[in-house]
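Please walk me through this two-chain model, beginning with the chains and ending with single residues.

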Amino acid sequence: MSMQLRAGNAAKGRVSTKRSGDRPGFLVYGLLAAFVIGSALPLYWSFVIGSHTKGQANDFPPPFLPGGHFLENARRVLNTVDFWQAMLNSVIVSTACAVSVVFFSTLAGYAFAKLKFRGSNVLMAFVVMTMAVPTQLAMVPLFILMRDYGLLDTLVAVALPTMVTAFGVFFMRQFLVDAVPDELIEAARMDGCTMIRTFWTVAMPAARPAAAILFLFTFMMVWTDYMWPLVALQKTETLQIALDRLALTGQGQTTDYALVLCGAGMSTIPLLLLFIFAGRQLVSGIMQGAVKG
Amino acid sequence: MSTSSDRPAGDVATATDPAGGSPAPHGAGRRTSGSDDPDRRRLVRRQRRSRWDLKLSPYLYISPFFLLFALVGLYPLLYTAYLSFFDWNRAYYIRGDFIGLDNYKFVLTDPTFLKSLVNTFSIFLLSSVPQILLALAIAALLDRSLRAATFWRMSVLLPFVVAPTAAVLIFGSLFADQYGLINQFLASIGIDKIAWHVDRLWSHVAIASMVNWRWTGYNALILLAAMQAVPRELYESAALDGAGKIRQFVSVTLPLIRPTMIFVIVTSTIGGLQIFTEPRLFDDTVSREGGPDHQYMTSTLYIYARGIEDQFYGRASAAAWVLFLIIVSIAVLNFVITRYLTRRHTS
């Protein structure tokens, strides 16, 4: 998929070079650069303040460069909250949800895209409709449900509501419609493949590029979620809940922003790494989803 | 599910194994030795199984989604509706009497809930309108044939990887009432400090700015994708007609990306009316209910505070349904307007 995208861009680039005078000037680059620097500043700010002492954090004019107290602040974060356990919990929950969403979405998306069955149109319309339903608002019954089954304060409770998503099914369906030729499915069936084996050998490999993107987005969505873990957990913490508690501890007569922003920066590092290595996939995922959606 | 589907898969694996020579008699002989016509019986059985496989498999594949959605989506929503008609005994954790619409009556006359509704809409408008306008501008810039296009596209997405929790803590330090960077700057140029955590409208501006920060680049990329699908010849002919860049944008780009615009508006409406993390964590009072006087308590925060914290399950459920109906009717309204606009556009 990303190859198609790049090919498309290359073709467009060729066309536009023929058009004289379309090469953007300094104004365009300048405006974009201003926006990008503006968006990066808050994140930069968290690392600047997070690497200064508590006293320096309220200085004005503020420090402009990172200071030398990051490790010291990081140690204070680790002493205040169980950061590593919280991060491990976030990794476990996000990975479990992403794997589950990718698998079940590919399965259902394949059925909706390629198999003929009674009611498929109505059921697909239902899936699309549920994308617009704010199910998070039903937090009270979900909380009661988890409590009744003794799941409160467990990672299972955090993961359960995001084991499938309507968006995932929709996304995989849109991708698989074009990605898997009908002839290939027929050929596999002719060779005596059962349905599940056809799915496994024909659809799964073809779905890989979209599956990678869906994995990334689901992982990020669960990782950054705050409301549901707040409802479902009591003593156990995900990264966002640990950050919440860190902020509470940092509050006082004057908030300890060196501590709080160091924690905010530390909690962002994993996704920042993900962004550096898979940012291209994130970009093409957003653009792909938009065009097809 | 895996056990029932594994069996036929393994069966076929032996039947189609190219190294197995003539697999059918081999496999059949092993299993049904001594019967009159093993080949025929096996064929019939396989055909019957294959027909069921063909018919049932699609339902089997979509069932995990529907089963789980029923459990964690549909059931809680319906149960919310059910709870909203009952009293709730907080002392004994049991459902009380059926009280009809009393919970709705309570919620709709609760000044805090009404305030939260106004806050929700105010924050939503302050976040979505500037956000979509700025995203449009950024997308238009990215749509030019830039050098290092991928670099620029990735760069505008950077804030998206910062979780709302971290974002609100960072912005909280910038918007701090006493020593926040923004207030210190305002003071240094002789402007009065702004009470970001006390003044209702300014607190909405602060919260909206965090939301905008995280989502503008994301929406710009969606709009960019739509802009790239606009045939370039249209711009050329518009340029030949003497249209400048801005004129081209207004009369060529905007009409052609309208479906995507509406998609962006609908999704940011559904998300924007459920803002929770920012107002909860922006609050530095102990109760954390959207400011000392609920200046920036959103309706989702109200549901959480009354439902999960105070355990007024019935009232919180009624509030959830009111908000739910508002969001869905706005989504439907959007849909109807879209249909109307596109029909007029095509005819």
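Predicted model: local features only at pLDDT ≥ 70, side-chain atom pairs only at ≥ 80, totals over all residues.

Residues are numbered from 1 along each chain as its sequence is written, and chains are lettered from A and ligands numbered from 1 in the order in which they are written.

Chain A has 13 helices and zero strands; helices (H or I, at least four residues) and strands (E, at least two) are DSSP runs, numbered from the N terminus. The C-alpha atoms of chain A fill a box of roughly 75 × 70 × 30 Å along the principal axes. Of its 293 residues, 45% are buried. A residue is buried if 20 or more other C-beta atoms lie within 10 Å of its own, exposed if 12 or fewer, and partly exposed in between, with C-beta atoms placed from the backbone. Chain B has 15 helices and two strands, and 41% of its 347 residues count as buried.

Contacts here mean pairs of residues whose C-beta atoms, placed from the backbone, lie within 7 Å. In chain A, 76% of the contacts between residues at least 6 apart in sequence join residues at least 24 apart. For chain B, residues 24 or more positions apart account for 63% of the contacts with a separation of 6 or more.

Where the chains touch, chain B contributes 87 residues and chain A 89 residues. Helix H3 (residues 38-83) of chain B gives the most to the chain B side, with 18 residues. That side has 61 nonpolar, 20 polar and six charged residues. In this classification Ala, Val, Leu, Ile, Met, Phe, Trp, Tyr, Cys and Pro are nonpolar, Asp, Glu, Lys and Arg are charged, and the others, Gly among them, are polar.

A nonpolar core is a set of buried Ala, Val, Leu, Ile, Met, Phe, Trp, Tyr and Cys residues joined through C-beta atoms within 7 Å. The largest one has 166 residues, and those with the most contacts inside it include Leu214(A) and Ala319(B). Helix H10 (residues 195-224) of chain A gives the most to this core, with 16 residues. Beyond its neighbours within four places in sequence, Ala319(B) is in contact with residues including Val107(B), Phe113(B) and Tyr302(B).

Helix H4 (residues 83-114) and helix H12 (residues 239-250) of chain A pack at about 150 degrees, with their axes 7 Å apart. Axes are lines fitted to C-alpha atoms, for helices over the stretch in contact, and angles run from 0 to 180 degrees between N-to-C directions. Phe83(A), Ala86(A), Met87(A) and Ser90(A) of H4(A) meet Leu239(A), Ile241(A) and Ala242(A) of H12(A).

In chain B, strand S1 (residues 86-89) is joined to S2(B) by three bridges, and the two run antiparallel; strands pair if DSSP finds at least two bridges between them. Trp88(B) stands opposite Arg95(B) in S2(B). None of the five residues of S2(B) (residues 94-98) is buried.

Ala148(B) has a positive phi of about 55 degrees although it is not a glycine. Ala148(B) is in the loop between H5 and helix H6 (149-156) of chain B, and is exposed, with 10 other C-beta atoms within 10 Å. Arg288(B), also not a glycine, has a positive phi near 55 degrees. Arg288(B) counts as partly exposed, with 19 C-beta neighbours inside 10 Å.

Conventions: Contact = placed C-beta atoms within 7 Å.
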